[in-house]
Amino acid sequence: MVWSWFHVLILFPFLFAIIVPFLDRFFKTRIHTGWFVLFVPVILFISLLRYIPVVSNGETILLTIPWVPSLGINFTTYIDGLSLIFALLISGVGALVVLYSIYYMSKEREALHNFYVYILLFMGAMLGVVFSDNLFVLYVFWELTSISSFLLIAYWYERKRSRYGAQKSMLITIFGGLSMLAGFVMLSMITDTYSIREMINQREVIAGHALFLPAMILLLLGAFTKSAQFPFSIWLPDAMEAPTPISAYLHSATMVKAGIYLVARFTPVFGGSAEWFWIVSSVGIVTLLYGSVTAVRQIDLKALLAYSTISQLGLIMSLLGLGSAAVYYGNGDESAFFAVAVLAAIFHLVNHSTFKGSLFMVVGIIDHETGTRNIRRLGGLLSLMPISFTVALIGSFSMAGLPPFNGFLSKEMFFTGVLNSMSLPIFGMEKFGVIFPVIAWIASVFTFIYSMILLFKTFAGQYYPERLEKEAHEAPIGMLISPVILASLVIVIFFFPNVLSDYVLQPALVSILPALADSGGIDVQITAWHGLTTELFMTIGVVVLGTLMYLTLRKWKGIYSFFSTEGRLNILYDQGIEKMESFSYGLTNRYMTGSVRDYLVYIFGFMILIVGGSLLLLDGLAFNFATDVPITTYEIGIVIGIVLSGLIVIFAKSRLTAIIALGALGYFVSILFVLFRAPDLALTQLVVETATVALFLLCFYHLPEFKKRGKGVGFKLTNLIISLGVGILFTAIALSADANRLFEPISGFFEQSYELAGAKNIVNAILVDFRGFDTMLEIVVLMIAALGVFTLIKLRLDRRDGEE
Amino acid sequence: MKRPNDLLLRAVSKVAVLIILTFSINLFYSGHHNPGGGFIGGLGVTAALILLFLTYDIETVTDNLPVDFKKVAAIGVLIAVGTGAGSFFFDAAFLSQTFGYFDIPVFGKTELATAVLFDLGVALAVIGSAVTIIQTISEDE
């Protein structure tokens, strides 16, 4: 099977994006465009559900269609537990977000066609990322997610902050993407394949290779920038300038998890090494701490959620890092013991999408209905917006890790994971292992505090209508559907975690740790109560200390003014951008002088260096005069004519003389063609010469007074060296091309022109038939040049008119 | 452009342009078996037009020959690409050319080749591009 429905499914969002603008124009102000777009994620989600039974049986599906077969690039989709869980999140959350956006985005005021085209573009790209088995196809989709994220952040492009945030996210994630590409290139060099699955099979080869560490670090740079890990996290808070549905979708539920996906996908390749273990887990745990501590001081609700997202992504990342130790052990009890961390990571990934999605939507509602997100202005919304409050309560208690919400379960598993990793006898964990539970616990305390801030500062306390731009009231029912669905999932997952675990989480675990495939995952029952364990005491400690600290927040918040990492990082970024801009501006100004002579110096200089250099280095210089025909008197005469007219051009006192001498030179050359019995060339040369002289004469009117530029000896010497260099170089190339016979001449083929093309004129048969493709492109280039001349001159004229 | 006293030039041009144009068309058609072809033919026509531009005012020529040469170039490229794409209808590779011998009244046995169509595109592209460049530069005051 060459083509499959599954590929169509992935490309479906792209295809649908094409018709969105037409739908929008046709139904403008009658039906919200979002209703049409809603079909896409819903259809995707339902179609993907069909794969759950297949994948939970431990099967994987591989479908390939050739894309650029000559380069070995195939659009291979690989469906396994890991890709399926991401795809379900993308389509599921996508459907809810689109539904929510129908009420959030006004159909009268907003440019909806842009919004939905970008969102579909993102959806398709994200599906492409998680289903591609080919590294370079994955890369293309990966960058496409960055680009669609850029477009969506800059959706309200008339705002300066939006443009700033969009550019920041673009620069950072594309920087990561490019280093990831370099890592991919190294990996494909090592393994001689582009397929991720085949790389997993060759993991010993990769582990023993000298490029192992560089490839790993470059790849991780891509993952860390995308998933906003410290210190690349600075782009995420600025990305909150996007409309709230976008923040909920891209910047908390899906796109930022692409980095997590990449790390999970490459755990079988790199996992089991000390470097991978330490880099991933320590970056993750630092990000966890940094995000949660910074979130507490935020006064903008979306900024608080952004830092919270950073922190939660760090949590998942560190779990993946700690769990990679299981790869070291292969299959066995020890492996299963440490694999709990990976299972916790996947579980928290799902949970985070549910509670964070609902919280973002609630914040969006608050913003929409009150006109502000500033917690200093908000308060007392409890009685005014009861449904939003309930959803926010569920979401933030889940985020804080309290029962009976799913966050409690994954937070407990997170503690289990870090506690288990303490007993690792490898990678130096026997010495430093205790760091992880301690940091994890501190970060959880801060997570608890900011969850409480989010909930109580907004909904409890005193209501001040005069501080709000609008009179607060509950959101329309349509806007509440999506957050309510997500919030009920938060509770449902708490009560039935093992259904989710068996069908979705365990298959994903097997994809990350293939050694466990035989046993079909690990034997872990997720339960809310597992006795008086260390994890439970840790949670109780978090709640007690967290509550105390929340109540005394006013007293110790002053500490923050002493260390402001996020401010410092942003200053570093801003100054870096400023320096780079001024540097490149200066550099460009230095060589873009506006003088044609300078540009010709660059062009010819590089030509002499590169062509001449390779001629010498590759030993191509060869002369063979043995087969040459004797030189006739005519030819000598014409060459003397050519040289003379060349000299006249150089020493001419007026432009007119120089132009005519140049024309004479051309006519001499065409006579030379006649002597060599090449009438076509001679004719062409004659006509071209005529046209060029006429053109020069036209330009002559526009050129300034012709005078020898008094630039001194250096100027003339440069000219002399370059012209001599070009002359000698091309003489050498022409002679060497004649002397080096690397293969049989192909002229024999062209001599059959009468039989093959019905043409007695070989030259023309070559032009229009044998090498017709070249001719076609040549005339295209010619036309582009003509249009270029036209636009350059006309544009300049228009501008001059405007100035007058 | 300046208007020098150029009676001689004008008198010669009137005849010369006709000769150059005829010769160019001849060059274009003879390209299949003899020296010539679309490129040279196109350049010949361009040369004739340049002569007109030089002899008469550019405005005069443009008024009497109201052709947008940018479009000529575009049409030329389209014809060339179109004949290439036409190969698809005959299940042949892009830009395949073919030829055949036909008996046509008056002319007798004549060879007709698809390459002529392609060459026509080349000729139009050359004329259009070259004249566009010259017109644009000379109009730039």
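**Figure 1. Helix H4 of chain A in the predicted model.** Helix H4 of chain A, formed by residues 81–104, comprises 24 residues and reaches 33 Å from its first C-alpha to its last, a span close to the 34 Å expected at 1.5 Å a residue. The model shown here and in the following views is predicted. Of the 24 residues of H4(A), 23 are buried, and the helix is thus described as mostly covered.

**Figure 2. Helix H5 of chain A.** Residues 112–131 of chain A form helix H5, which has 20 residues. From its first C-alpha to its last, H5(A) reaches 28 Å, close to the 28 Å expected at 1.5 Å a residue. Because 18 of the 20 residues of H5(A) are buried, this helix is largely enclosed by the rest of the structure.

**Figure 3. The crossing of helices H21 and H24 in chain A.** Helix H21 (residues 435–459) and helix H24 (residues 534–551) of chain A have axes that come within 8 Å and cross at roughly 50°. The crossing in which H21(A) passes H24(A) is right-handed. On the side of H21(A), the contact is made by A:Trp441, A:Ser444, A:Val445, A:Phe448, A:Ile449 and A:Met452. H24(A) contributes A:Met538, A:Val542, A:Val543, A:Leu545, A:Gly546, A:Met549 and A:Tyr550. By class, the residues of this contact between H21(A) and H24(A) are eleven nonpolar, two polar and no charged.

**Figure 4. The side of chain A that touches chain B.** In this view, 37 residues of chain A are in contact with 43 residues of chain B. Three helices of chain A, H30 (679–700), H34 (762–770) and H35 (772–803), each supply at least two residues of the side that touches chain B. H35(A) gives the most to this side of chain A, with 15 residues. The side of chain A that touches chain B holds 26 nonpolar, eight polar and three charged residues.

Figure 5. The secondary structure of chain A consists of 35 helices and two strands. Taken along the principal axes, the C-alpha atoms of chain A fill a box of roughly 110 × 65 × 55 Å. Chain A has 804 residues, of which 44% are buried. Among contacts in chain A between residues at least 6 apart in sequence, 79% join residues at least 24 apart.

How values were computed
Residues numbered from 1 in each chain as written. Chains lettered and ligands numbered in written order. Predicted model: local features only at pLDDT ≥ 70, side-chain atom pairs only at ≥ 80, totals over all residues. Axes fitted to C-alpha atoms, helices over the stretch in contact; angles between N-to-C directions. Helix = DSSP H or I, 4+ residues; strand = E, 2+ residues; numbered from the N terminus. Left-handed = near helix turned anticlockwise from the far one by under 90°. Contact = placed C-beta atoms within 7 Å. Nonpolar A, V, L, I, M, F, W, Y, C, P; charged D, E, K, R; others polar. Expected span 1.5 Å × (residues − 1). Buried ≥ 20, exposed ≤ 12 C-beta atoms within 10 Å, placed from the backbone.
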